Amino acid sequence: MEDVCVIGAGSTKYGKLEDSLADITVQSSASAIESAGIEPKEIKAGYISNVFGVADKQVHLGPVVMSNLGIPERPSLSIESACGSGSVSFREAFANVAAGFYDAVLVTGVEKVTHTGTEWTTTYFSYCSDFFYEGQAGASFPGLFASMARAYLAEFGATEEDFAMVAVKNHDNGLLNPKAHLRKKITVDDVMRSPVVASPLKLYDCCPFSDGASSVILCSKKFAQEHGGDYIKVTGSGRGGSPAALQGRERITTIPSTKIAADAAYRMAGITPRDIDFAEVHDCFTIAEVVDSEDLGFFEKGQGYRAARENRTARDGDIPINPSGGLKSKGHPIGATGVGQVVEVYEQLTGKAGQRNLKNVSTGLTHNFGATGASCAVHIFESV
Ligand SMILES: CC(C)(COP(=O)(O)OP(=O)(O)OC[C@H]1O[C@@H](n2cnc3c(N)ncnc32)[C@H](O)[C@@H]1OP(=O)(O)O)[C@@H](O)C(=O)NCCC(=O)NCCS
């Protein structure tokens, strides 16, 4: 296998965007190419993740992006894996560079849905669940994660205030991120008093619906060395799956696909969770971050809520989680999220994260899943 590196990264702002889906895809892709300091023609293939292109009248985005970049002859692959599309796309790109098929590729994730409104977006998103058992029965994602939250509260004695701590921390982090969707300081009281969406989850326990695009350039180590820009290494890559519907799982206070993907990534990187300096994890709802922090091995099962309560996951804690603001504050344009996490890790490890740059970090992890964790990918990165 070739050693694989990330040599450039770029992103649009996340939030409610006016430009078209195709336009933000191209803007983000071009910014990653510029960040890598290379010419578009040096890109040998494109991997484009998107879920609801149909909502902005553009599917089969790959050739559209490549054409707009002036490289229409380059092959591309359009990938959908619900909210985990970005990391699956990254994984496919990683595998192809590692196998030696291409020496430099573009990975772009994108979503544009806010113009459809909450009712439509909620309905569209429910198509990503196991629709026969869940979406069709009226269980939207807030409802499904609320079920997990209720089970967690009952099993471990956590409180709703503990979940609120996750939102407060991620909003604090998002304040430092100029590209974040929700840049607003909030308190535990604000979370507790916000409207109930699906009990026990309240407005501030939920990520918003966001538009946005994120891109990275993956390449072989040889390509990175020859091009001279800042790069980081991809040292671990793992994927996993879980039963699609929550009812198919023995326990809903853990996500099996996270554990499978994380084990594979740690094994490939030859490290343990203790070696991770910071992580970008899938906090679509506050309960998700608590569960992720346990499934990724940062804390024992049933202790993630205590870690949140004790600020152990804050910027200055033992293991900073979601320094970008996470899905909660930075936003969750579902096709882009997994790639956006890699953008954050690239910027953190190359010292380009501005005022949110963490000190003394050399190993970062990304964790991104689709639906309630039916599919998942975990990646590990190290600075050079
Ligand atoms: C929580 C949710 C229902 C709110 O939708 P809504 O009630 O239609 O909210 P609106 O878009 O009308 O926004 C109302 C206000 O709340 C704010 N807001 C919306 N969603 C927010 C969120 N998740 N967190 C904090 N504030 C939010 C808006 O900025 C707006 O503030 P303003 O009045 O100051 O401008 C919606 O964001 C949601 O379903 N989120 C989950 C998305 C999801 O399931 N993703 C997939 C995960 S697997």
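**Figure 1. An aromatic cluster in the predicted model.** Ring pairs join Phe52, Trp120, Tyr124, Phe125, Tyr127, Phe131 and Phe209 into a cluster. The model is predicted, not an experimental structure. Two members of this cluster, Tyr124 and Phe125, are also among the buried residues of helix α4.

**Figure 2. Helix α4 and its packing partner.** Helix α4 spans residues 117-126, and its buried residues are Thr121, Tyr124, Phe125 and Ser126. These buried residues pack against α5, which covers 141-156.

**Figure 3. An aromatic pair within helix α5.** The structure contains 13 aromatic pairs. One of them is formed by Tyr152 and Phe156, with 4.7 Å from centre to centre and 55° between the planes, a tilted arrangement. Both residues belong to helix α5 and sit four residues apart, about one turn of the helix. Tyr152 and Phe156 are both buried.

**Figure 4. The largest pocket.** This pocket holds about 600 Å³ of space. It is lined by 30 residues, and those closest to its centre are Thr118, Cys206, Cys207, Pro208 and Phe209. The elements giving two or more residues to the lining are α4 and α5; α4 gives the most, with five residues. The lining comprises 17 nonpolar, 10 polar and three charged residues. Domain 1 (4-115 + 210-234) and domain 2 (119-208 + 235-383) each supply at least three residues to the lining.

**Figure 5. The second largest pocket.** Its volume is about 250 Å³. Pro273, Arg274, Ile276, Gly297, Phe298, Phe299, Glu300, Arg312, Asp318 and Ile319 form the lining. By class, five of these residues are nonpolar, one is polar and four are charged.

Notes. Residues numbered from 1 in each chain as written. Predicted model: local features only at pLDDT ≥ 70, side-chain atom pairs only at ≥ 80, totals over all residues. Heavy atoms only, no water. Buried < 20%, exposed > 50% of the residue type's maximum accessible area, 1.4 Å probe, protein only. Contact = heavy atoms within 4.5 Å. Phe/Tyr/Trp six-rings, centres within 6.5 Å; stacked < 30°, edge-to-face > 60°. 1 Å grid on protein atoms, 1.4 Å probe; cavity = no way out; pocket = protein on both sides within 12 Å on 5 of 7 lines; lining within 4 Å. Points joined across faces, edges and corners; volume = space filled by probe spheres on them. Nonpolar A, V, L, I, M, F, W, Y, C, P; charged D, E, K, R; others polar. Domains from an automatic or database assignment.
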